[in-house]
Structure formats: C-alpha cells, structure tokens
Amino acid sequence: MIHDSSLYVIDERERLVLAPYAMFSAASRGRKHAEAAHPYRGPFQRDRDRILHSSAFRRLSGKMQVFTEDMGDYHRTRLTHTQEVATIARTIARVLRLNEDLVEALALLHDIGHPPYGHAGEDVLNECLRDEGGFSHNQFGLTIVEELEIRYNGFRGLNLTLEVLAGQTARAHKQAAGLHRLLEVQLVDAADSAAYNAHDTDDAVKLRWVELEAMSQVDLIAESLRDVRHRYANLSPDLTRKAVVHSLVEKQVTDLVRESQRALAAHQFGSASEAMSADVVMRPSPSMAARQMELQQFLYQHVYRHPRLIEIRQRAQQRLRRLLEHLASHPEMIPPHFRQRQTPHGLRRAAAEYLAGMTDHFCEQTYRELFGRDG
Ligand code: MG
C-alpha cells in the first residue's frame, strides 16, 4: 500500500538502513523549482530516473571512453564506464550505509557532459573557448541538466535536487580550496578512479596494446597477477586478464571501504553536514593511492599516449576546430535550441555546446556532410 504522506515509505526505509552520516532524503534542500513530493519515489531516486531518461545520457553510448569503435567492440564506451562506476559506487555505499539512490544519481551524472572524442575533444573545445572562459566536461554536465535538457513546461533543465547539483558543481571545481562535499559525492569520485584504472587496463590488454607481463613493473598489476596465479593454475591468457581485472577492482574497493570505515569510526559523525565539513573521508589509503598513481602513469605513457590515440587526438582537434569556426561564421546552421544561447553566452560557446552534445559518430557525419569525405 502506498501512503498518502508522500515520503513516508522512503523516510522509514532510510531511517532503518542509513548511517547517521549519510545524506537522508528528508534532509534534502529540495529543488530550484518547487515540486510536490512523489507518492513513492524519493527525491534522489527521481533524480536518478531523470538523468537516466535524459537524451544526453543516452548519447553516452556513442561517446568514446578511451578507445574508438573502429578499434573493436570489446572496450568500454562512456555509457558502460558510467554504469560500472555506478555499480562500484553502490556496492561501497551499501557497505558504508550511505544513500545509494543519491550515489547512483551522482554516478550516472558524472560524465554526462563529455564531448565527442573523450578528453581530446574536451581539450580542443577548451582551447577554442580560451578567451571566453574555456570548456570543461564537468561544467558542461551542469549546463546540460540545468539548461539544455527540456523535460518540463515552465522551466529549463531537469530540476534536480540541490544536493545532486552541488555534487556535480564540486566536480567542476575540484581544485577549489575549502571544498565541502557530501560523503556520497566523495565516494563517486573515488569509484570513478577505481573503475577506469581497472577497465582501461582490461581494454588495453585485450587490444594487445600492452601485455600484462610488461605491466607487472606496476606494483598493483604484479600483486594482482601473483594473487591470480596463486589461486588458479594454468589459466588461459584471456581468463588471466579477466581475473586480474577483477582483482584490481576488488583490491581498490576493499582498500577504500576499509580506509573509509576506519576514518568514519574515528570521526563518529552525527550527521551528513558534520561529515561534509571535515576532511575528505572517502579516499584510498596512502599506499593504495601511490600504487594507483603508478598504474595511471603507466597507462598514460603506454595507452593514453599510444600512437593510435595521438592520431584520434589530432583528428579531433582538426575536426572540432574546423566545425566550430564554420558554425560560428554560419550561425544559421546551429539548431535554434543551441543558437538562442548566444545571448548571453556568445556565439562561439553556443556552437561549442552544440558540438559537445554530439556523439563521436554524429560529429564525424556532420563533418563529412560539410567538408566531404576527405575534408
Ligand atoms: Mg568517469
């Protein structure tokens, strides 16, 4: 039976399962545009659903994470990476009794502002808009959910809760001093790194850009390989890779859970806002952080700067630059939805936002239609 007193069910449930330091739905500061409570979905559950049903979210399936579609069909897209972050973050949230709905909403949102061609695309757009405040995918994620997605009559955006918006705002201003983040926000950040460390390794080894043996100069890989060989005899290379990736996720997640549990036990926070005003709690141990850094440096040198990806980077630069210049001098080609944003944001930003929303494939197609196949 559904109670008329709207949040009754959610509140009751959260009081039973969440820890005092978690963000409770009942404590939400609400939304910019007031809305009646839903009869049986809590505010963060609704946010998660709004993000999942947005067009920008669906387009993540056509956006590259690290590898492009002409490199095979095994590797992650921006969408599958997002789902992996969400599932890892939820596992940790459940163990630590944090708000899983909020964690899932934040995770599904975290990469929604990624332009085509991954970080290469982001770097080009940032350069092109250098004189107009630059471009960052984290900031653009906010623009999408606050301005560009139109779902409701009467206002723009998805009207997400202030907690989810603050979480994404914190991502956009990571370097800001005195940044206070909910534990759920800190968790999604840590889960994101754990996910791409493991999965970029998986995809790169599967593509044979690097060999697992060669990667064992990295402590975290060497330990995982050792554990896997200790547990199973005579594994095929394929199963070895899978077991190592599993072990990489497991090691990072277990470390994060233990380290956070230790910090939470020491602090004894009585509320989410108390936890928020303390130092970062949801982070790996110093030794795990060092090992993650070592793995990231290896991936940077041997994978992210692989000649094939340098080529993609150059193509992204050339295409996005040329498209942006063309659209800026032919504003009639920018769809009205984006074009109208030139006041007050300027024509170049309006054009860049149109490009940033595109999937890799649609961007390629638009380029070919304008400049011919060889462009
Ligand atoms: Mg990510």
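## Helices H11 and H12

Let's start with a pair of helices: H11 (residues 219-231) packs against H12 at an angle of about 115°, and their axes are 9 Å apart. What you're looking at is a predicted model, so local features need a pLDDT of at least 70 and side-chain atom pairs count only at 80 or more, while totals for chains, interfaces and linings use all residues. Residues are numbered from 1 along each chain as its sequence is written, and side-chain values use heavy atoms, with hydrogens and water left out. Helices here are DSSP runs (H or I, at least four residues; strands are E, at least two), numbered from the N terminus. Axes are lines fitted to C-alpha atoms, for helices over the stretch in contact, and the angles run from 0 to 180 degrees between N-to-C directions.

Which residues make the contact of H11 and H12? From H11 you'll find Leu 220, Ile 221, Glu 223, Ser 224, Leu 225, Asp 227, Val 228 and Arg 229, and H12 brings Thr 240, Ala 243, Val 244, Ser 247, Leu 248 and Lys 251. Contact means heavy atoms within 4.5 Å. Sort the residues where H11 meets H12 and you get seven nonpolar, three polar and four charged. For that sorting, Ala, Val, Leu, Ile, Met, Phe, Trp, Tyr, Cys and Pro are nonpolar, Asp, Glu, Lys and Arg are charged, and the others, Gly among them, are polar.

## H12 again, now with H4

H12 (residues 237-267) also pairs up with H4 (residues 78-96): their axes come within 11 Å and cross at roughly 35°. The crossing of H4 and H12 is right-handed. On the H4 side, Ile 88, Ile 92, Val 95 and Leu 96 meet Val 249, Val 253, Leu 256, Val 257, Ser 260, Gln 261 and Leu 264 of H12. That contact of H4 with H12 has nine nonpolar residues, two polar ones and no charged ones.

Ala 263 and Arg 31 are 232 residues apart in sequence, and their C-alpha atoms are 31 Å apart in space.

## The magnesium site

What holds the magnesium ion? His 81 (NE2), His 110 (NE2), Asp 111 (OD) and Asp 192 (OD) coordinate the magnesium ion at 2.2 to 2.5 Å. Along the sequence, these donors follow the spacing H-x28-H-D-x80-D. His 81 sits in H4, while Asp 111 is in the loop between H5 (100-109) and H6 (118-128), so this pair ties together parts that are 30 residues apart in sequence. Donors are N, O and S atoms within 2.8 Å of the metal (3.2 Å for Na, K and Ca), and water isn't among the atoms, so a site may look incomplete.

Are these two residues, His 81 and Asp 111, buried or exposed? His 81 is buried, at 2% relative accessibility, and Asp 111 is buried too, at 3%.

Ser 285 is in the loop between H13 (272-277) and H14 (286-304), and it is buried at 9%. Apart from neighbours within four places in sequence, Ser 285 is in contact with Asp 255 and Glu 259. The side chains of Ser 285 and Asp 255 make a polar contact at 2.7 Å. That term means a pair of N or O atoms within 3.5 Å; within protein, one must be able to donate a hydrogen and the other to accept it, and residues adjacent in sequence count only if both atoms are side-chain atoms.

Phe 371 lies in H19 (residues 360-371) and counts as buried at 18%. Neighbours within four places aside, Phe 371 is in contact with Arg 322, Leu 323 and His 326.

Most residues other than glycine have a negative phi, and most peptide bonds are trans. Arg 97 has a positive phi of about 60° although it isn't a glycine; Arg 97 lies in the loop between H4 and H5 and is partly exposed at 41%. Arg 208, also not a glycine, has a positive phi of about 65°. You'll find Arg 208 in the loop between H9 (183-206) and H10 (212-215), exposed at 61%.

A cis peptide bond joins Thr 343 and Pro 344, with omega about 5°. Pro 344 lies in H17 (residues 342-345).

Methods
Left-handed = near helix turned anticlockwise from the far one by under 90°. Buried < 20%, exposed > 50% of the residue type's maximum accessible area, 1.4 Å probe, protein only.
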